[in-house]
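Please walk through this structure with me. Keep the sequence and the 3D view open as you read.

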Amino acid sequence: MGKAWVFESSIDTDMLAPGPYMKFGIDEIARHCLEAVDPGFASQVQPGDVVIGPRNFGLGSSREQAPAALRHLGVAAVLAPSFSGLFYRNAINVGQLVLECPEAASIRTGDDIEVDATNGLVRNNTTGAVIGCAPVPPHLLTMINAGGLLPWLEQRIARGELQTR
Amino acid sequence: MGQTLTEKLVARACGQTTVTPGDLVTCKVDLAMMHDSGGPRRVKPMLERLGARVWDPDRVVVITDHYVPATDDDSRQIVATARDWVQTAGIRRFHDGIGICHVVLAEQGHLRPGLFAVGGDSHSPTGGAFGCYMFGIGATEMLGVLVTGEIWLRVPQTIRLDWRGQLTHGLSAKDMMLAMCARLGMDGGRYQSIEYAGEAVRALGMQERMTLSNMAAELGAQAGIIEADATTRAFLAAAGLTDVDIDPWRGDADAVPAEHHAFDADSLAPHAAAPHSPANSAPIGDHGKVDIDVAYIGACTGAKLVDLRMAAEVLRGRRIAAGMRLLVGPATAQDEAQARHEGTLGALLDAGAELLPNACGACAGYGAWRFEAGTRVIASTARNFKGRMGSSSAEIWLGSPYTVAAAAVTGALTDPRLLLDRAPGLTDRGN
Ligand code: SF4
């Protein structure tokens, strides 16, 4: 599916969406995503790649540009032993798949990774290992699959489930 | 078994008599606060795409603070969008350029015990100081709230952080907070609800209680709540709210929190956090000799009136060290006016402070104020992540307003008690 990018030091929202670029659109913010820890990341990451991080991934601010930048770069999933709660909610809202994987640290940069979100399974095609992750709750998976909260609301409005006064 | 305050607040908002931690519930939102950065400029195009309107404009507060005063065209555009949008959306509770959102929200009387509130900013737990359940959300989730008036929540567990004893002179809520960050780490809150309790918490004025609730974010909690009492009631009365009923908003005596941690205020020493995490906190004496270039009293966390008073207590009649810069950005215009009136601001300026606008300023790291490579800064702000306030080689230390002021005088990390008289401090600070 995609290549793993492993980050070992703590990853906060200022690294994912750096302050000086916050006044610009997501295109510009994404160009600087994680540059403080890996200047080559934003230019080299490919759609379908997977980001692996340490616990409390995405701690810090409420800026949803942090997960949105990863999604904009085409990151298929973020795997970490735990996420900052605010980052986790934001990721789902912007349609970025995130999975809590206690054993995420067993993955190495460059490993070929395949993610099965519905069953909470991660296959490492490089080593053959299969890692179990906490499955994403169904109501949240629906939202991610819809592309995030905005398209999901759009669908609900179209179906007449939601009134927009 | 009784219910914690957290459980009572959530149960009321989701229309149940009781709730069980871990359950998924949908809550009605009483109040939604947005600022210029995560607010109108982000939600306006999304609302337009949906053809939707704000569910209840009277439950929305908009405050500009991140990009004010605007220093370039992009920032001007962001703030202009906020001004236009509140007009179209019919939002009357709009505070433009009068201070930092979390402090303005309380000062303008928008918070009261019992509310279930969300804010488009990670330090929204600040509202918890008033016995509200308040937490931060991102812009898209805010859109969901604006359209539906509701939000989903996993009912949080309650983590009680209990402070026994009394703070001694030269110590403050910020030192308590840094000590909690050191002990529990930045994910110790596990995105659950913290309730601050105990004698030392009850002895704090509202603005220092706000510092505790504010930095619940640094503990990784969703909310940071303090039970309302006579101190809360007095603050709210001054903000124009005289009809507040605090009695329903107490935890039951037999409620059992999921986790409980005890701390001792009597023996607490002034703390500072080394770069690049609030969890790198330790008593100042443990850090060794640290030279400092810039001292910064700023942010919702550390530049309220009470914080300015602490800094003034150290700086009155003194000058900052040669080569040192002291930046002071009072959290709100009202706090600045009071500080000016009573001589607090004068003491800071006479000592050599440079006055910054009543806005996020250097704390956000968005605008004109960015610290240069190699600079070592000590700030009264909440977080010191690498690169947040400037170059990634800038070193940001965190301390209380007393500690930041002491560093300004000596040019190095210093225990502020060495520069303070032995007179009691807590009672002088007020608020
Ligand atoms: S002052 Fe700093 S912490 Fe407070 S709202 Fe502004 S940017 Fe956030």
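**Loops, spaces and helices**

B:His276 sits in the loop between β12 (271-273) and β13 (281-283) of chain B. Helices (H or I, at least four residues) and strands (E, at least two) are DSSP runs, numbered from the N terminus. The peptide bond that leads from B:Pro275 into B:His276 is cis, with omega near -5 degrees.

This is a predicted model, in which local features need pLDDT of at least 70 and side-chain atom pairs count only at pLDDT 80 or more, while totals for chains, interfaces and linings use all residues. Residues are numbered from 1 along each chain as its sequence is written, chains are lettered from A and ligands numbered from 1 in the order in which they are written, and side-chain values use heavy atoms, with hydrogens and water left out.

Chain B has another cis bond to look at. It runs from B:Val68 to B:Pro69, with omega near -15 degrees. B:Pro69 lies in the loop between β3 (60-64) and α3 (73-89) of chain B.

On a 1 Å grid over the protein atoms alone, a cavity is a set of points where a 1.4 Å probe fits but cannot get out; a pocket is an open set with protein on both sides within 12 Å along at least five of seven lines; lining residues have an atom within 4 Å of a point. Grid points are joined across faces, edges and corners, and a volume is the space filled by probe spheres set on the points.

The structure has 3 cavities of 30 Å³ or more. The largest cavity has a volume of about 330 Å³. Its lining counts 33 residues, and A:Ser61, B:His35, B:His66, B:Asp121 and B:Tyr366 lie nearest its centre. Helix α10(B) gives the largest share of that lining, 3 residues.

What takes up the space of the largest cavity? The ligand does; a molecule sits in a cavity or pocket if more than half of its atoms lie within 2 Å of its grid points. Residues around the ligand include B:His66, B:His102, B:Asp121, B:His123, B:Cys300, B:Cys360 and B:Cys363. Each has a heavy atom within 4 Å of the ligand.

The largest pocket holds about 690 Å³ of space. It is lined by 31 residues, and the closest to its centre are A:Glu100, B:Arg154, B:Arg190, B:Tyr191 and B:Gln192. Two or more lining residues come from each of α5 (85-93) and β4 (98-100) of chain A and β7 (150-154) of chain B.

B:Arg190 lies in the loop between α6 and β9 (193-197) of chain B. Its relative accessible area is 37%, so it counts as partly exposed; buried means under 20%, exposed over 50%, partly exposed in between (1.4 Å probe, protein chains only).

Helix α6(B) covers residues 173-184. Because 10 of its 12 residues are buried, α6(B) is largely enclosed by the rest of the structure.

B:Gly411 follows α14(B), and its phi is positive, near 80 degrees.

Note on methods:
The expected span of a helix is 1.5 Å times one less than its number of residues.
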